[in-house]
Amino acid sequence: MKKLLLLVVLMFSTFTFAQNQLNFESGNFDFLKDQTEVNVQLKFDNVLFQAENYTEAQYLEKRKAETLAKKDAAAWQKWSESWQAFKDSEYLNYFLKGVNGWSKQVVFKKDVKSKYTLIIDTKWVYAGWHAGLVAQEGKLTSDLIFVETENPSKVVMKIQGAEVLGKKTNKDFTMEYGRIAAAYEVTGKLVGKALKKVVR
């Protein structure tokens, strides 16, 4: 029994590691060697959700029906407000927490005037689930596009975060938006780790 449990844990760990990856599509971090700050923007347009590739409208309609079947309209209102707040600021805040925990020479911030801007273009989200003692983390696929701030059509580097798995690290992990936020934080950590190898 112990051997079987160990095998399952190892298989899950291997799968988890395989999902937490950055694919470097073009460019490299050399352009940041003489920089101290990078502006960061988050795009959450045309995102697809879950294995079914729901649009956001479809996902929210499904989530609303599930909530109203178990709770009342006030509960749905509270959930909707939290969902919007995470889209507006918290997802980006979690990414910044992740990246700045590793990147010391270059600081990533929102709404700063810097030579370069990182655009986090969210492509796909798996919200995971939470059932008390057992949970499935959220996953995030995003395009991480570094552009010249004054000339956004000038792309200097592009990375894809491919199905990056979040971790149980925040107080909102029991909710979808908390699990998604955790995946943004891990994405940030992966970028920070990769940058640290180049910019010291």
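How many residues in the lining of the largest pocket are nonpolar, how many polar and how many charged? Point 5 takes this up.

1. **Ground rules.** This is a predicted model: local features need pLDDT of at least 70, side-chain atom pairs count only at pLDDT 80 or more, and totals for chains, interfaces and linings use all residues. Residues are numbered from 1 along each chain as its sequence is written, and side-chain values use heavy atoms, with hydrogens and water left out.

2. **Elements.** The protein has 4 helices and 9 strands. Both are DSSP runs numbered from the N terminus: helices are H or I with at least four residues, strands are E with at least two. Read from the N terminus, the order is α-β-β-β-α-α-β-β-β-β-β-β-α.

3. **Overall form.** Along the principal axes, the C-alpha atoms fill a box of roughly 55 × 45 × 25 Å.

4. **Surface and contacts.** The accessible surface is about 11200 Å², and 55% of that belongs to carbon and sulfur atoms. Areas come from the Shrake-Rupley method with a 1.4 Å probe; for residues, only the protein chains shown count as cover. Of the 200 residues, 45% count as buried. Buried means under 20% relative accessible area, exposed means over 50%, and partly exposed lies in between (1.4 Å probe, protein chains only). Now take contacts between residues at least 6 apart in sequence: 70% of them join residues at least 24 apart. Contact means heavy atoms within 4.5 Å.

5. **The largest pocket.** Rolling a probe the size of a water molecule over the atoms shows where empty space is left. On a 1 Å grid over the protein atoms alone, a pocket is an open set of points where a 1.4 Å probe fits, with protein on both sides within 12 Å along at least five of seven lines; lining residues have an atom within 4 Å of a point. The largest pocket has a volume of about 540 Å³. Volume here is the space filled by probe spheres set on the points, with points joined across faces, edges and corners. Its lining divides into 8 nonpolar, 5 polar and 8 charged residues. Ala, Val, Leu, Ile, Met, Phe, Trp, Tyr, Cys and Pro count as nonpolar, Asp, Glu, Lys and Arg as charged, and the others, Gly among them, as polar.

6. **Who lines the pocket?** There are 21 lining residues, and Arg63, Thr67, Trp79, Met175 and Glu176 lie nearest the centre. Helix H2 (56-70), helix H3 (73-100), strand E6 (129-131) and helix H4 (176-198) each supply at least two. H2 gives the most, with 6 residues.

7. **Phe49.** Look in strand E3 (residues 48-49) for Phe49. Its relative accessibility is 0%, so Phe49 counts as buried. Beyond its neighbours within four places in sequence, Phe49 is in contact with Phe44, Tyr54, Thr55, Glu56, Tyr59, Trp83, Trp124 and Val125. Asp172 is 123 residues away along the chain, and the two C-alpha atoms are separated by 19 Å.

8. **Two positive phi angles.** Asn46 has a positive phi of about 55°, although it is not a glycine. Asn46 lies in the loop between strand E2 (37-43) and E3. With 75% relative accessible area, Asn46 is exposed. Asn53 also has a positive phi, near 55°. Its place is the loop between E3 and H2. Asn53 is partly exposed, at 40%.

9. Glu185 lies in helix H4. Is Glu185 buried or exposed? At 5% relative accessibility, it is buried. Leaving out residues up to four places away, Glu185 touches Tyr94, Phe95, Lys97, Gly98 and Thr169. Ala194 is in helix H4. Ala194 is buried at 16%. On the same terms of sequence distance, Ala194 touches Phe24 and Phe29.

10. **Gln136.** Strand E7 (residues 134-136) holds Gln136. Its relative accessibility of 17% makes Gln136 buried. Apart from neighbours within four places, its contacts are Tyr126, Gly128, Trp129, Leu165 and Arg179.
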